Amino acid sequence: MTMNINNLSEFLEQSNCQFSVYDLGRKVCNISNSLFKEIELNQLPYPYPIQQHAFIALTFWQTDAQKEHFIWFLKIPLDEQGLLQIPAQISFIKMVVEALGEDLTADVSDKLQERMASNPFLFKPSTEKLAIFNAIMNARFIRPASSFYSGAQRYFSGSTSWNEWQELGIQGIADLTARLDHDNNQQNLINALPYLPQQPLQSLALCLEHQNKINPDLQQAIAGQIRVELQEHRQENAILLLRALASSPSMVITKKLIEEQLYSDLIHNVHWYVGIAGRLWTVLEDETLLNRFLESLANNQAALFPQLFTDIVAIPLLREKVLRQIRLPARSPALTDAIGRLFSGS
């Protein structure tokens with residue numbers, strides 16, 4: 001069956017499976033099946049690379065049976081151009097067939113599950129990413145939320161004391177943020193933001209950064225809370241709340257915040273730069289903002305420059321714009337020096 005199959009979607013389709021693909025490397029976000037097919041055929045580079053790998057959640061189910069969904073968490077190497085390595089896809093498919101046979105959704109023995117677990121192309125997501133992915137999947141396929149959802153809903157609606165957060169689980173918060181358009185959740189979060197202690201505020205922010213249904217009112221409320229956190233010298237809260245806007249439909253508010261923060265003490269905080277490069281990279285499509293980001297990075301965090309430059313130049317959306325920065329004649333001595341050291345390897 002697999003001898004003439006070089007990619008995952010063809011393999012799944014020939015196995016009579018439907019499937020859905022999500023990136024789990026930077027943010028938990030859907031990759032359409034049509035786009036994924038172009039990516040796996042090397043017609044397009046992988047859009048969200050991290051350390052020359054694609055971290056993918058591939059969920060699949062049989063089309064002719066009411067079976068549960070199955071999930072592979074795949075870590076596939078990328079080549080120098082950011083393309084999925086086809087030999088890696090072929091190797092993974094062969095390993096799956098050897099372990100499971102042609103029925104990918106059949107019940108398998110513990111021994112076979114162990115063989116799959118040792119597959120070098122599989123990875124284990126963090127607890128946080130797994131909770132968010134589960135929440136998004138349940139919401140998308142109209143399945144019930146976890147048992148933790150009701151507790152999170154009560155807490156963020158203000159029905160309990162703001163100090164009674166110890167029983168909140170990350171899964172419940174993830175469920176709530178995956179259902180922003182249900183149960184008045186969005187308005188409840190707007191009302192709750194000024195009162196949240198640090199722990200639930202940070203957990204909420206980490207879950208929100210993967211959600212693309214944040215409405216303008218919630219965006220504005222988060223932006224307002226970021227300014228409060230900075231006034232109170234709580235930089236880590238402010239950075240996580242900035243990341244919370246990473247998947248918002250509009251980047252206008254986010255760009256304005258970053259432009260403000262370029263004049264704040266955040267320019268001395270490593271996590272601020274890492275958060276922008278790792279979660280908010282789409283704002284760097286604005287070449288003026290990209291230049292200011294790189295200038296600030298070179299002038300204030302020179303040791304971090306090679307790592308973040310290498311990270312964002314690998315993102316297809318940014319690659320040409322980042323490379324243009326190298327050729328700009330007007331740049332500070334610090335940026336010139338950082339770029340020089342980058343290419344000299346020193």
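Analyst: Quick definition first: helices (H or I, at least four residues) and strands (E, at least two) are DSSP runs, numbered from the N terminus. This is a predicted model, where local features need pLDDT of at least 70, side-chain atom pairs count only at pLDDT 80 or more, and totals for chains, interfaces and linings use all residues. Residues are numbered from 1 along each chain as its sequence is written, and side-chain values use heavy atoms, with hydrogens and water left out.

User: Okay, where is Ile-142?

Analyst: Ile-142 sits in the loop between α5 and α6 (149-156).

User: And what makes Ile-142 exposed?

Analyst: Buried means under 20% relative accessible area, exposed over 50%, and partly exposed in between (1.4 Å probe, protein chains only). Ile-142 has a relative accessible area of 77%, so it counts as exposed.

User: Then why is Asn-42 called partly exposed?

Analyst: Asn-42 has 26% relative accessibility, which falls between 20% and 50%, so it is partly exposed. You'll find Asn-42 in the loop between α2 (33-40) and β3. Its phi is near 65°, a positive value in a residue other than glycine.

User: Why is the pair of Phe-55 and Phe-123 called edge-to-face?

Analyst: Rings of Phe, Tyr and Trp (its six-membered ring) pair if their centres lie within 6.5 Å; planes under 30 degrees apart count as stacked, over 60 as edge-to-face and the rest as tilted. Here the centres are 5.1 Å apart and the planes at 90°, so the two rings pair, edge-to-face. Both Phe-55 and Phe-123 are buried.

User: What does that pair tie together?

Analyst: Phe-55 is in strand β3 (residues 53-62) and Phe-123 in the loop between α4 (110-117) and α5 (127-140), so the pair ties together parts 68 residues apart in sequence.

User: How do you know whether Phe-60 and Trp-72 are stacked, edge-to-face or tilted?

Analyst: Their centres are 4.6 Å apart, with 55° between the planes.

User: What makes a nonpolar core, and how many residues has the largest one?

Analyst: A nonpolar core is a set of buried Ala, Val, Leu, Ile, Met, Phe, Trp, Tyr and Cys residues joined through side-chain atoms within 4.5 Å. The largest has 109 residues, and Trp-72 is among those with the most contacts inside it.
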